[in-house]
Amino acid sequence: MYLCDAPNRLAAVSFCDLAFLLVMLPHALSSYDTLAFNDNFRFFYLKSKQHIAAVANWMSAAAIWLILAVSVERFLIIRSPLRSKLYWQRGKMVLVLSSIFFATGLLTLYHHFEYDCTLMEFCNGSQLIDFCYYAGEKHPRTFLKKELILPSEVKKVYMRVMTIFNAVLVVFAPILFVIVLNMLMIRELHYSDTSLLESFRGSITRNQH
């Protein structure tokens, strides 16, 4: 079961990396003048760049937690090799993968509306520029208008809380867990090697007597 399912989890990580690469492609293409000053591409890019960044953050967060799941699996198998088939049965694997994508999607959902953006035309419509302001605090509608947009208190709290959750649960916590698990795996491997060596020496001693 382990040998069959391990590639599936690594394939999920590869899928996240590939999706991240694809959604970041418009950002890379926008650096070329040919596309940057193309009206159709510029309109598409400016309208969708916030959502593109949100999906990229989602895929990045999912990849981090998938790597953590693989690290947990490896630690459990090293610790109890005979129970490896019980840890990642097909149903459990689907549940874990679905939970990771769903949870990280919720954690990064706020990126889709983190900024209020307005597109404006200049130079008789020959230039299209967007103006973005953080949606979690009051801000002008555009730099030309003094009218302020006041977000609700619920939105303010939500944006602040999700920003903290995103930093802790997407960046700090999983990286810390992976480091700790790797240290524990090294420790378990060291103890296993020591136990095997002592058993081997004991068997040799008994055979000599």
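Threonine 108 is found in the loop between helix H6 and strand E1 (115-122); helices (H or I, at least four residues) and strands (E, at least two) are DSSP runs, numbered from the N terminus. The model is a predicted one, so to speak of a local feature takes a pLDDT of at least 70, and side-chain atom pairs count only at pLDDT 80 or more, while totals for chains, interfaces and linings use all residues. Residues are numbered from 1 along each chain as its sequence is written, and side-chain values use heavy atoms, with hydrogens and water left out.

At 3% relative accessibility, threonine 108 counts as buried. Buried here means under 20% relative accessible area, exposed means over 50%, and partly exposed is in between, using a 1.4 Å probe and protein chains only. Leaving aside neighbours within four places in sequence, threonine 108 is in contact with Ala54, Asn57, Trp58, Ala61 and Asn166, contact being heavy atoms within 4.5 Å. A polar atom of the threonine 108 side chain also lies 2.8 Å from the backbone oxygen of threonine 104. That pair is a polar contact, the term for N or O atoms within 3.5 Å; within protein, one must be able to donate a hydrogen and the other to accept it, and residues adjacent in sequence count only if both atoms are side-chain atoms.

Next comes the inside of the model. The largest nonpolar core has 12 residues: Ala12, Val13, Cys16, Ala19, Met59, Ala62, Ala63, Leu66, Ala69, Met93, Leu97 and Ile100. Such a core is a set of buried Ala, Val, Leu, Ile, Met, Phe, Trp, Tyr and Cys residues joined through side-chain atoms within 4.5 Å. Two or more of its residues come from each of helix H1 (2-23), helix H4 (39-79) and helix H6 (90-107), and H4 gives the largest share, five residues. Another core, of six residues, lies apart from this one, with Ala61, Tyr110, Met162 and Val170 among them. Back in the largest core, which includes Met59, methionine 59 touches Phe15, Cys16, Ala19, Phe20 and Phe101, not counting residues up to four places away in sequence.

Helix H4 has a few features of its own. At its start, a side-chain oxygen of asparagine 38 reaches to within 3.1 Å of the backbone nitrogen of asparagine 40. Further on there is a kink of about 55 degrees, centred on serine 48; the bend at a residue is the angle between axes fitted to the seven residues ending there and the seven starting there.

As for charged pairs, the count comes to two salt bridges, each a side-chain nitrogen of Lys or Arg within 4 Å of a carboxyl oxygen of Asp or Glu. In one, lysine 49 pairs with aspartate 130, and the closest N and O atoms are 3.2 Å apart. This pair links distant parts of the chain, 81 residues apart, with lysine 49 in helix H4 and aspartate 130 in strand E2 (residues 127-134). Lysine 49 is partly exposed at 25% relative accessibility, whereas aspartate 130 is buried at 15%.

The other joins lysine 156 to glutamate 153, with 3.5 Å between the closest N and O atoms. Both lie in helix H7 (residues 153-208), three residues apart, about one turn of the helix. Lysine 156 counts as partly exposed at 21% relative accessibility, and glutamate 153 as exposed at 54%.
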